[in-house]
Amino acid sequence: MKTIRYGLLCFCALTLAQVPIWAQEAEPELPGWELEGALTVDTLWNLSGGIRQDEAILGNLDLSAFVDTEAAGWWKNGSFFLYVLGNANAGRLPTELVGDIQATSNIEADEAIKVYEAWYDHLFLDGSLDLLMGLHDYNSEFEVLEHAGLFINSSFGISPEISQVGPSIFPTTSLGLRGKITIGENGYGMAAVYDGIPGDPNNPRGTHIRFDSGDGVFAAFEVGRVTGGEPGDEGYTKVALGGWLHTTDAEDVYGEPIDSNAGLYLIGERNLSERTAIFGQLGIADELRNHIAWYVGTGVTWAALIPGRPDDLIGLAVGVAVNSDNYLKANPGLNRSDTVIELTWAAEITEKLS
């Protein structure tokens with residue numbers, strides 16, 4: 001479930017406030033079941049520059065159910081997950097006001113109610129092999145950094161050189177198969193393949209599972225190593241290398257047809273102490289085929305920085321998305337890159353509101 005937070009972000013042309021309305025976790029009487037729900041509202045103002053000065057309001061509703069099959073008394077090593085997503089806006093999206101490459105709000109989406117995820121996961125070989133099948137968010141497991149999750153800009157969740165090709169990520173997913181293995185004591189490897197075009201691009205409302213000619217596939221891998229315990233523990237470290245291949249019929253930056261596209265990324269994060277953590281992202285995509293050729297992001301977070309506020313988080317992050325040389329040749333007059341600077345203070349008011 002997305003982190004619920006209230007924040008104030010200042011960019012060159014934008015102030016953003018994200019206001020959570022409701023968040024709830026429930027344990028029903030049925031054993032093995034977990035239910036969660038949250039409603040978040042973003043209110044954004046483009047104060048100067050950009051395309052035009054106006055406000056945009058976004059709403060995001062998350063409802064999910066998780067079932068542990070063994071705890072429910074069915075069979076061992078299995079789990080089901082169902083996630084219903086609802087999005088609304090006031091007729092204007094922040095990107096339409098700002099004109100940014102990196103979407104300022106990670107809940108920006110067309111209005112729709114849909115089944116976002118619906119999958120079954122099963123463990124084999126004493127948990128060393130994990131297979132999942134169904135509607136699945138690629139970014140729920142791939143290119144994930146726990147400390148980057150504090151930030152609201154979309155690039156710190158899924159970097160733009162990947163999101164530009166439209167894989168199985170928010171707000172629309174596709175059917176996929178994901179496998180994960182344990183490597184040694186601290187390593188892991190993951191691979192997945194998804195339908196290349198999630199949903200129905202011509203109809204964002206509702207849930208659509210289609211396998212049209214030219215869809216191709218979105219294939220991905222990631223190998224990584226996690227040491228030092230859990231995020232927040234001093235010495236916690238994660239380093240991962242990943243890549244993707246997209247075989248959907250599309251066009252390159254010159255408008256010529258292509259049926260393959262690819263990229264690589266490197267991510268890492270580390271707790272310098274129990275209070276301070278850093279993270280970094282680096283991604284590259286094919287120079288000829290893509291608008292964004294590479295991206296670099298980095299940030300630092302501090303926990304309990306203010307005396308008397310033990311549960312607060314403060315973070316500063318920078319992300320730079322760089323247009324490819326070929327894209328600039330095909331579209332003269334555009335800026336070389338798009339830079340976002342985000343300063344976030346998440347103050348916990350109650351267990352359900354921050």
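Biologist: How much accessible surface does the protein chain have, and what share of that surface belongs to carbon and sulfur atoms?

Modeller: In this predicted model, the accessible surface of the protein chain comes to about 16900 Å². Carbon and sulfur atoms account for 59% of that area.

Biologist: Which residues touch the most other members of the largest nonpolar core?

Modeller: In soluble globular proteins, nonpolar side chains tend to be buried together. Here the largest nonpolar core holds 29 residues, and those touching the most other members are Tyr138, Phe142, Phe156, Ile162, Phe218 and Phe279. Several strands give two or more residues to this core, including strand 10 (217-227) and strand 15 (276-285). Strand 9 supplies the largest share, four residues.

Biologist: Which residues is Ile162 in contact with, leaving aside its neighbours within four places in sequence?

Modeller: With those neighbours set aside, Ile162 contacts Tyr138, Glu143, Pro167, Phe218, Trp244 and Tyr265. There is also a second, separate core of 14 residues, with Leu44, Ala56, Leu58 and Ile107 among them.

Biologist: How many helices and strands are in the protein chain, and why is the chain described as being as compact as a globular protein of its length?

Modeller: The protein chain contains three helices and 18 strands. Its radius of gyration is 20 Å, close to the 20 Å that the globule rule gives for 354 residues, so the chain is as compact as a globular protein of that length.

Key. Residues numbered from 1 in each chain as written. Predicted model: local features only at pLDDT ≥ 70, side-chain atom pairs only at ≥ 80, totals over all residues. Heavy atoms only, no water. Rg over C-alpha atoms; globule rule 2.2 N^0.38 Å. Areas by Shrake-Rupley, 256 points an atom, 1.4 Å probe, with all protein chains shown as cover. Core = buried A, V, L, I, M, F, W, Y, C linked by side-chain atoms within 4.5 Å. Buried < 20%, exposed > 50% of the residue type's maximum accessible area, 1.4 Å probe, protein only. Contact = heavy atoms within 4.5 Å.
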